[in-house]
Structures are given as structure tokens and as C-alpha cells.
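Please go through this structure one contact at a time, with the sequence at hand.

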Number of protein chains: 4
Amino acid sequence: MNNAQKLPGYTLVVSCPDKVGIVAGVSRFVADRGGSLVESNHHTDVEQGWFFMRNVIIAKSLTVSLEQFREEFSPLALEYGMTWSLRDNSELQRVVLLASHASHCLADILHRWKSGDMPCQIPCVISNHENLRSMVEWHGIPFHYVPVSKDDKAQAFDRMAEIIERHRAETIVLARYMQILPPQLCQQYAGRLINIHHSFLPSFIGANPYLRAYERGVKLIGATCHYVTEDLDEGPIIEQDVIRVSHSCDKDDMVRLGRDVEQSVLSRGLRYHLEDRVIVRGNKTVVFAS
Amino acid sequence: MNNAQKLPGYTLVVSCPDKVGIVAGVSRFVADRGGSLVESNHHTDVEQGWFFMRNVIIAKSLTVSLEQFREEFSPLALEYGMTWSLRDNSELQRVVLLASHASHCLADILHRWKSGDMPCQIPCVISNHENLRSMVEWHGIPFHYVPVSKDDKAQAFDRMAEIIERHRAETIVLARYMQILPPQLCQQYAGRLINIHHSFLPSFIGANPYLRAYERGVKLIGATCHYVTEDLDEGPIIEQDVIRVSHSCDKDDMVRLGRDVEQSVLSRGLRYHLEDRVIVRGNKTVVFAS
Amino acid sequence: MNNAQKLPGYTLVVSCPDKVGIVAGVSRFVADRGGSLVESNHHTDVEQGWFFMRNVIIAKSLTVSLEQFREEFSPLALEYGMTWSLRDNSELQRVVLLASHASHCLADILHRWKSGDMPCQIPCVISNHENLRSMVEWHGIPFHYVPVSKDDKAQAFDRMAEIIERHRAETIVLARYMQILPPQLCQQYAGRLINIHHSFLPSFIGANPYLRAYERGVKLIGATCHYVTEDLDEGPIIEQDVIRVSHSCDKDDMVRLGRDVEQSVLSRGLRYHLEDRVIVRGNKTVVFAS
Amino acid sequence: MNNAQKLPGYTLVVSCPDKVGIVAGVSRFVADRGGSLVESNHHTDVEQGWFFMRNVIIAKSLTVSLEQFREEFSPLALEYGMTWSLRDNSELQRVVLLASHASHCLADILHRWKSGDMPCQIPCVISNHENLRSMVEWHGIPFHYVPVSKDDKAQAFDRMAEIIERHRAETIVLARYMQILPPQLCQQYAGRLINIHHSFLPSFIGANPYLRAYERGVKLIGATCHYVTEDLDEGPIIEQDVIRVSHSCDKDDMVRLGRDVEQSVLSRGLRYHLEDRVIVRGNKTVVFAS
């Protein structure tokens, strides 16, 4: 369910060592404050002994304020060693989009956003090319042109970091942004920096995946939405998909067909992230897909 | 997860009017008896105000016996107006398979069963043809030949009912059994009588779906696994899938390609049913797919 | 292959009663004029005794002009009773788009077109709502607002027909245009009037398919791109696809998920049409998909 | 179309440097001998300048015998530098199956074969385990047990080669046979030795692909049917497919879900091979899929 379009709700996400009584503890806590659940997902990683939970609570059913909820929940969280978050779904996340020359992923996200179909704010778009300015500005979104030349990469990334900071980005999306980000930025936005890679990882890590797919003669090409870490294309995977190709597809056909998969995989992955459906643990994700 | 191959567990399935505190009530009940959850799925149908839950509890974590659990759970169930069941996963359901001439669905289920991959017992197979006897008997399963001629249908179905009864079937599967069952049997086994229809319902209800798909020129053909009710092909849908076809497919090709979809959809649907992942409400199902 | 981006070519499409020697005849004719084939698709409908062929010839390899080719080909076509066409791929078809309030299919086609990825011209967009004007005009395409009130439908359709005529439309696309067109328009543009229906036909013909899919409890929803005939949702199918839904999807979720299928199915279908990959015979299509 | 169930036909497969007039030459040759085509597929690899063709000719339409056709076709083939083959589809290929302990791929092929749905003969099955003997023999097929111990691999492979030779195998299928074959055998049966690898290559080449997929946290697992070369898992790919997995799948679940993909990918790939739909060039394949 697309929370943005539903009853105002709070999303409570919890992960912690598995222990008998966690569900009971949390759900009793919520129920005692009148909380009516519209969505509830649990997962126990039996091997790792780890527990994951996501609850969407109808805001107006609660007898306490968000702040009170948070304050009172803290002792329980401490008791179970929880990593947790509680978000008011009506406060849309601020997402900064980074793009290069290719328009398809950006156009897709912007259209969904404009249609009220992607639950976020987009304070600005940053690109190392000028060609998408008009499209972005037509959507009423500021466009920042930050060219990245081989010699002044550091300076360019400093400028980008400043813009991202100034717009108080909570999440950054690399919508086919074709530059490798500096480690510092990857660390600062760990778990909030989303990339779309144009292959079904771990196949074809790195540059020119379509060319390599073409040369290998694969019968499926794909795309992977993942969190960015310092290791290129090695971060936790959020979503993947593939499309069938045949001998009649040349490299250009693969690029064209791949675009559709890239944009749909990125949009799904971003939506899951924005709706707090993704929990990272180690280099893997739990995704409570809707 | 395939319960049959995991730690012995109990599966608790609950549905009832939605109310604040249900999850807390049930999970507290389980936790108070030491119950460790390996799987937990919830669904709230906000529109209908109905709640659905499935928990898999590690058997040995419980401090009470199954019988005690049941007895003590009853008052809680009553309080919330629950429909509920608690199954010991190590006690495999008894599934009687009905087949006609086509072998693919039957062969697929039997192979999975023999591989320890379909969590059930198969006390017997009943068919209105003799051709599959050898295959069934090679699996060590009794085969009952019950011909159905136009004139003595009632008598044939009486004999079938008697065999089903004698083998104490909990679930009946129509593995491409091509006869319409009498209403009495449909009622008696409501929610436990599973059919595979060779179209993506509600398209092509009734006879000859592939021929009609061919004539309509569809680009996808499919199959539907559903519970049988007295209304032909109108029962609650458990699982569906499709496969792509093209102008180069004639009717025989569609039949051939369709077989693969039929058997995979039936196997998935049957597994969901056997693992208590399916809850019927009205003419729809909640399926906590793994 | 996307002809628009490749070497200039001519696309020859032929259908006729099947007869020994057709392929030899046509390919000898092409070879005798130096024609180098980059794509060649054949299909024989054995049951109907009908033959279908599509050849893409590299323009510059031909020793004759397009006109000469046409003139000289005519006697051969006559001999075999062929329906045929020969198109210069560099002369992009003129496609008029019709839309209502929903933006997703229109936005998708416009973006592909602007990216040079949909081989056509778009002389104008017609809509019975004003809300998409700005988006269309940003693309540099004229937008015509033709409201359709219950009382003056005939007058509105006359005005639309006049606009379509004036823009010399070769193909019309109903990009979620929610009005039923008058029979006269359907006849005039037979085989050139493309609709996207928001269900996997023949399921849920007519109004509110998502609501009916929701109520039936299907596990897959879909979309169908088809040529419009006077019989609502009964025309020849070009392309279909589906997406998985579950009990956790309400009607709004289905509408949202369905949008993605609608736009990708319509784009694929339209591309096939524009690249002369679709041949209609009776109420079915041969689609030489790439 | 499944040739085995259709009118007796001859399948002519040709590949050669691309040149104007090839199609005309071949189709004139066929037409001059009365040949009626039921299927005809062409592909031009524009980049490589290479041409590929497959024709299925109705046997009884030809005015010459197979031998005469072959003899008369030779000069034409020589002229164009063709690699070519002409097969009488009623003479089913002799396919030897190799298996280890896992039954699913073998069971699937045997069932299709027994149902008349896999156009081949199966002169024998060879395995390094005894557990599948009964299943194979029930199908009326000889079973050869050739254990492979670490110390006498060479001897075991010699024995296998002798059995394969004796049964005059035209094609060998590794139906989850878990031993690496010696280079000599790979060379001898180049283009006729088919393997199913349990990952979507080139991801997870080598051992334990499901474990590695689980550890990487991919959201899709797959299988690849390919010709075996001396480079492990690097041979030309015939067919691939994937299935969705989630965080709720542990390694055993992946193995179980993967089995379904493995068997369907292998069966499709094998069928394509048996119907002469696959042409290898370099390390890639042209697959005229039906």
C-alpha cells in the first residue's frame, strides 16, 4: 500500500536479536496506546538469530503524540537491543536526485512524483550535464549543474556535497548518475544513497555491462537497485529484475530494452525505501515489499 | 519455507474481525508459553475490517502440549470471534489426487512428494482412466480406477466418495481431472478441494480454454489454481500464472506450453494450502506466500 | 531492432495465400535489385493456408528507387494475390494521441518520442481534459482540448475527426482516452487505431476492470494493447502483459501497479505497429516482435 | 511448433557469410523441388556480416529424396561457403542423459519423453549414483552406474565414453551431473553436450551458486542451459531464466525454488537443440525459439 495516499500513519521499524516475547512486547505497547495496525510485517532470520518488524499504525488511533510514543518506547527498545525508527508518513522525505545525460530514470521518477505517486519531496536535481535542465525545471524543481572534469573531481564533489547539505537531503538517488562518488559521501549517506546498476548484479560489475552482456551472449539482461557503499556495485541489493533478449538484439537494442527495466527497478526500490520497507543488515536487505 | 523440512513446528492460523490488541493478545499468549516464532504473517483488510494471521511456532520451544495450547487458546479465540486452526506440521495432511488421462500435473506432484518436497501423504490416486496406473503404483501409491460413463455418473461419484472417505482424505486435488464433481462433494470438502483450470480465470471459463485462447489471439495463456465451489471455475483463486505465446503457436503448442504453467501453478497452490498459508474469506483468499 | 536509429531502410510487408515459391519469388525480386536484408521474418499459418512476411531492406543497397520498386513489384504481388506495403523507414508516421485525465501512458510515449526512441511524428495531442496541456506543450506539441459532454458527443467527435484529418494522422493512439469512439471513426482508421485496455482481455471487458479484478480476487492483473473495432475491447490483440498482485493490494494499489503495465504494453504495441511488425488477419495479429 | 507431433518434415539449417541473394538462392532451390515451408527463420548479424537460416520443409511436398536433396544442395552450399545440415525430423536423435543424485531434471526430461513431448530417443542414462536406477528403468531405459571416485576419475570417464559410444549418442545432456568432464569428451561432443548450471551465468560460475546467491542477497536466482566447452560454465548459452526470491528464503528454499527453474530451462534448451533451432557461432548462439 502506498502510504502517502492512505490514512495518515506512523511507520515503526524495528530490528534486534530474536527473543521470545518481542512481538508481544511491541504489539502490547502499541495496543496500550490505542494503536490500530494497517500493515504488519515480521521476519525472523533463524540462522542469524535476528528479528525484523515493520508496523504501520493509523495516526489518529493513537492516544499519545509521536514524541510521547518515542519517549515511552525507548526503554522497551533498550531492553531488547533494538535498532528502530518511527516515521510520520505525512512528513515526506527529502530526496535529492543525481543524474548524468540519460533521461529515462529521472523522467520516470519525476512523473511519478508529480502524479502524487512517489511519496517524497524533491528539493533539487543535480547533474553533470545541462541537457535535462528544462525537463526538471518544468516540474518546478531547482536544477543544479555541477560539471565533473577529470582534473577537479574533488572540487565538484565538494560542491555537490554542499548543495545536498543545503537542501537537507535525507536520501540521495543516483538516477543513472555515471560518476563514482567519493568514499566520504558513501559513508555519510550509508543506507540512504541509492543507485541503479544496469545489470543483474553480481553479473557485469563495473563499466559497460550491456556490451559485456552482448558479448557473453546472455538471454536475459537486468538491472539492480542497491545501496551504495565504498565497494563499487557491491552494496546491499534492494530490488532486481530482468528482461528477455535474443540473438536479434544488438548492443543498442539491449541498451534500449534495459532502460525500461532500469527505471522500473529503481522506482520500485526507491518506493520501498521511502515507505521504510527496507532494513539493511550486513550486506543484505530485508524488503517487506507490498 | 518448507515446513516439512525444517524444525518441527506448529502452525497457528487465525482470522477474525479487526480490533486493537489482537496481535498483542495472541503473541503474548504464545510468548507466555515459551513459543518461539519462525514465521509470522499478518494482514488487515481495512475495507472489510478483518484480520488474518499465521504464525509458525517452534514445537520444542513451547512449554505446553498441543492439546493444552488448544484448550487454553479457546477462550481468547472466543473473545475475539476467531476462526482458527493449529496444526502440528509433522503430521502430514492426507491428500487424495484425482486425475483423468493427462499425466503432467500428477507426475509433477508425485515427483515432488517422492523427493520429500511436498509436505503431505498421498493415500491414493483415483482416475477415470487406466493409463496412469503404472506410474502411480511405481510410486508405491494405491491406484483406483473409477470410470465415469455418461449414464452412471451418480454411481461413479458415490464410489469415489466412498474411496475418498475410506482413505480419510483431508484435501482433494483435481490434477486435471476432467469431470464436474457433484455439488454434495463440493460442499463437503469446501476449502479443501483444489482444482487447476487451464486458463487465467476469469478468461475462458469452462471447456476448451486453449482453443478459445487461440481463436481470440491472446498473447499470454495461463492457469489458475482455485478452490472448487458449486459454481464452475468461480471459486476462490489461490494462485495464477501465465506464459507468453505468439502467432507461431497453434492450438497444440498452446496445450504443450500450458502444461508447464498448469503443473507449476498447481504445485505452488497446493504447497501454500498444505502449509496453511491460504485463508479463504468470501470468494477471495489471503495467501501468505513464502 | 529499432529501425529509426539504424541504417535507412525500406520495410516490405506481405501477406497472401500460402504457395510454394513465394519466398523464392520475393527474395529473388529483392536480390535482383541489389537489396540487402537486415531483418527477415516469415510465418506460415498452416491451418489457414496463409503466408506472412516482413523484410527490412537496406535502402542504399537497392539499385532502384522506391517508386520503381513499387511499380515493378506490383505484377508479382498480383500474381500471388498479395496484400502488401513498402515503407521508407526514414519517413516517420504521423501519430495523433488521444488522452483523458490520466497522464502515465501519454507521458511515457512523449518521453520515448523526445528521446528519439519512438519512431514517429506526433503532430498533436487531443484530450477531453485540460490538465495535460502544459506537459504536452512543453514537448513542443500542439494540444487540442475537445470536451465531450453527454449531450453533444457527436459534435465533439466531429471536431476531433476534423483535427485528426487536418493533422493528416496515419495512426491514432488512445492513450487511456476514456470515451467510446463512434463506429465511423473506428472503420475509417481500421488497423491504425490503437487502444490500451486496463485488463488482460478477454477478462474484464468494459468498465472498471481493476475493481472487478479486485472483487474476483485474481492474483495477476494485466493490460492489453489492441486495434479498435466497433466491438468494444474485441479487436485484434497486439500485445499483453501482467503483473502479480496479492491480498495486500487494495483497489488503489491495483490501479497504481496496473499503470506500469499499461504504459509498457502500449509502448511495445505502438512500436511494433510503427515498425510494421504487426499484420492483422481476421481478428488476430501476426507480430514479428524484435 | 513441436516437429515431433507434426507432419513429417525436413529441417534445413544454414549459416554463412552474409551476401545478397542467399535467401533467394536457397528458397528457389527448395521451391524448385516442390518444397513447402512450414517454418522459416532468418537472422542477419549485421555487425559480423553473418547469415543464419532455418527452414522446415514438409517432407511429402518434396519431389526428390533426402539424399538427392543433399547431393544437389552441396554445390550451392559450396558457392556460399555454408555450414549446413538437413535432418529428417522423423529420425529422432539419440540422447544420452548423465545424472548424479538429484532427480528433478532427469524426471522432467523422462516424463516429457514418455509423453511423446520431447522429440528424441534415450538409449540410456548414466549416473555416478544408484538412487535413480528404479525411476529410469521404470521408463524402460537402461541405467548404467559408473561411480567416480577421486582416484580413478580417468578410468570412470573412459568407461562412460565407451558406454556413450556404444549407444551411438548424438547428444549428451548433463541433467545436474555434478562431475567436471575431461577436455577430450568436451571436444568430441562440442555443440552436442548440454549442461544446466544452477545460476544465471555469468553470476556465480563454479561451485555452490545458491549459497553464494544467498550470501550476496540477490533478489532473483536463475539457471542457465549452455553447451559445455573446456572452460567451466563459459560455453555458449542456449537458454536462461530466473525466479524471484526474498529475504524470507534461506539456502534450502533457494535450492528448492531453483530446481523448478533448472528443469524448465534445461527442457526448453534441449528442445531447441533437438529441433535444430540453435546455431552456435563463436561463443554465442542464435536460437530460433518457437
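Two residues are in contact if their C-beta atoms, placed from the backbone, lie within 7 Å. Helices (H or I, at least four residues) and strands (E, at least two) are DSSP runs, numbered from the N terminus. The model is predicted: local features need pLDDT of at least 70, side-chain atom pairs count only at pLDDT 80 or more, and totals for chains, interfaces and linings use all residues. Residues are numbered from 1 along each chain as its sequence is written, while chains are lettered from A and ligands numbered from 1 in the order in which they are written.

On one side, C:Val23, C:Ala24, C:Ser27, C:Arg28 and C:Ala31 of helix 1 of chain C meet D:Val23, D:Ala24, D:Ser27, D:Arg28 and D:Ala31 of helix 1 of chain D. By class (Ala, Val, Leu, Ile, Met, Phe, Trp, Tyr, Cys and Pro count as nonpolar, Asp, Glu, Lys and Arg as charged, and the others, Gly among them, as polar), this contact has six nonpolar, two polar and two charged residues. An α-helix has 3.6 residues a turn, so residues three or four places apart point the same way.

How are the axes of the two helices placed? Helix 1 (residues 22-32) of chain C packs against helix 1 (residues 22-32) of chain D at an angle of about 150 degrees, and their axes are 8 Å apart. Such axes are lines fitted to C-alpha atoms, for helices over the stretch in contact, and angles run from 0 to 180 degrees between N-to-C directions. The angle makes helix 1 of chain C roughly antiparallel to helix 1 of chain D (under 35 degrees is roughly parallel, over 145 roughly antiparallel, 65 to 115 roughly perpendicular and the rest oblique).

Chain D also touches chain A, with 24 residues of chain D in contact with 24 residues of chain A. Strand 12 (237-244) and strand 14 (284-287) of chain D each give at least two residues to that side of chain D, which divides into nine nonpolar, nine polar and six charged residues.

Is helix 3 of chain C enclosed or open? Nine of its eleven residues are buried, so helix 3 of chain C is largely enclosed by the rest of the structure. (A residue is buried if 20 or more other C-beta atoms lie within 10 Å of its own, exposed if 12 or fewer, and partly exposed in between; C-beta atoms are placed from the backbone.) The cover over the buried residues includes helix 3 (104-114) of chain A and helix 8 of chain C.

Last, A:Gly269 lies in helix 8 (residues 251-274) of chain A. A:Gly269 counts as buried because it has 29 C-beta neighbours inside 10 Å. Not counting residues up to four places away in sequence, A:Gly269 touches A:Ile194, A:Cys225, A:Ile238 and A:Glu239.
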